[in-house]
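Welcome! Here is a short tour of a structure that may be new to you. Take a moment to look it over before reading on.

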Amino acid sequence: MKFKSYIHSLLITVILLVIASCVGLFFQYLDWSEITIVLIYIISILIISLLTKGYIYGIISSIIATFLFNYFFTVPYYTLLFYDSRYFITFISMTLTSIIVSTLTSRIQLSQNQAYKNAQNMKMLYELTNHLSKITDKQRLYDEVYHILNQYFHYPIDFIFLDYHNEHKHQDIIDCFRNENQKYIIKDMYIFFPLYGVSRLLGILFFKDDNFQHMDETQKHIFYLMIDNISLALDRIYSIEEQLKLNEASIKEHYRSNLLRSISHDLRTPLSGIMGTSEMIMGINQPTSSSYHLAQDIYQEADWLYLMVQNILSLTKVQEGKLVIHKEYEAIEEVIGSAISHVQKNMSERQIEVHVPDEVMMVAMDAQLIQQVIINLLDNAFKHTSNNEKIVINAYKQDHQCYLVVEDYGDGFLGEDPQKLFGMFYTQHQSYSDSFKGVGLGLTICKAIIEAHQGTIEAKECLNHQGAQFIITLPMEDEYESNNISC
């Protein structure tokens, strides 16, 4: 390709100098002045500089034109000798003028070519950016980028999008870019460039290393700008997809919460009626009669359903940020007693041991919600211990915190992670969750209520005996503050 360019430029130089000499001989025949002939040669050199690349052809043609003028148009003709010493000044002036004109013309041409290239590059970058800004899926982005890159650089360039391609034949390169923030990697005669997003690796672009070495600095600069544009477009597409997924999940969660709330409200009324009727039947029958036991079973099942409905309603309020805590100073032992009375209506055979300080502990809390927490914890303890095993509740004050500990003498957590118990719908078989006769919401509700009180709840294995314990902390506020605090 370069050899053909040399031959083309050389032919242009020779032809134009021959034409200039012929025109000069014609003007000489017409007896025109030598200055006119000199101008003809300078014009030919100017044209040569415009039609060829670089300075070399203009400079060489300037020197040759001087010799041609001496050979054809100075006495003695057709020889390089000259008798008039003034021609020496003419030759020097002609040569310098031609060289200067040629150099300036070539420089202008180079500047014009560079400006044209820059304009083309900017146009290409604008078109790339404009095209990428309208693309919203990875398939179209892949096709568009593949076409533009290969059209601009004229050799094969390929790339992979990490979330678009399921199989990656360059997994080692991907892992290397993920672990280290590198500009490029050369391997197996290929050079790899990362496509980084704001916080992660999005893809990799690669082609043969020798093609990259043949790029000039301008092409390399354009190439890096293209990589930045592709990365921004890809990161935007990933962000759009993630936002769509979040919106879809939010809509589903909204509909699910509305459904749960509607079902729960519809269930509360008939459950209250069933519980009241079964209590009435128990009241008019002897504890030894079959009717009493049947009514007791109905009450227990209805009570369990009622507690689950309460948990579902509380869950929907937590998820929608509508769980309002109305704090008032309450004696912690009274809240514990109310919770025990509720669960022992039909669990009178279960032994619950309570330890509270001699002095009354006043804690700012929403008594109804804290009672629900204790009921849920006791209900869990009942499910995972036998009837002859006791359940212990300890309440004490330490470091301006109210500690409430519920522990049992069951099997404990059986090697499972206790913190998983507070996850929503955690109902793994044989785990210490509220999975038996439940949907895995009780402990989730407990955590939400306690955290709404600016407290903490955690699950641990008992240290002194086999079993599980749940430790609740509630802040002890100044008793002289307002008795009705909303948060």
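Helix α4 contributes the most to the lining of the second largest pocket, giving 5 residues. Keep in mind that this is a predicted model. The elements that supply two or more residues to this lining are α4 (86-133), α5 and α8 (217-283). In total, 15 residues line the second largest pocket, and those nearest its centre are Lys117, Asn121, Tyr152, Asp216 and Gln219. By type, the lining divides into 5 nonpolar, 8 polar and 2 charged residues. The space in this pocket comes to about 510 Å³.

Now let us turn to the sheet. Which order do the strands take? The 4 strands form an open sheet in the order β1-β4-β3-β2, with antiparallel pairing. At the edges are β1 (158-161) and β2 (185-187), each of which pairs on one side only. On average, neighbouring strands of this sheet are turned by 25° against each other, direction ignored.

Look next at β3 (residues 190-196) and β4 (residues 201-208): these antiparallel strands are joined by 7 bridges. Phenylalanine 193 stands opposite leucine 205 in β4.

Two helices lie across strands of the sheet, as the table shows.

| Helix | Residues | Strands it lies across | Angle |
|---|---|---|---|
| α5 | residues 138-153 | β1 and β4 | about 160° to β1 |
| α6 | residues 171-179 | β1, β2, β3 and β4 | about 125° to β4 |

Helix α5 links both parts of this tour: α5 gives residues to the pocket lining and lies across β1 and β4.

Notes. Residues numbered from 1 in each chain as written. Predicted model: local features only at pLDDT ≥ 70, side-chain atom pairs only at ≥ 80, totals over all residues. Heavy atoms only, no water. Pairing = 2+ DSSP bridges. Axes fitted to C-alpha atoms, helices over the stretch in contact; angles between N-to-C directions. Contact = heavy atoms within 4.5 Å. 1 Å grid on protein atoms, 1.4 Å probe; cavity = no way out; pocket = protein on both sides within 12 Å on 5 of 7 lines; lining within 4 Å. Points joined across faces, edges and corners; volume = space filled by probe spheres on them. Nonpolar A, V, L, I, M, F, W, Y, C, P; charged D, E, K, R; others polar.
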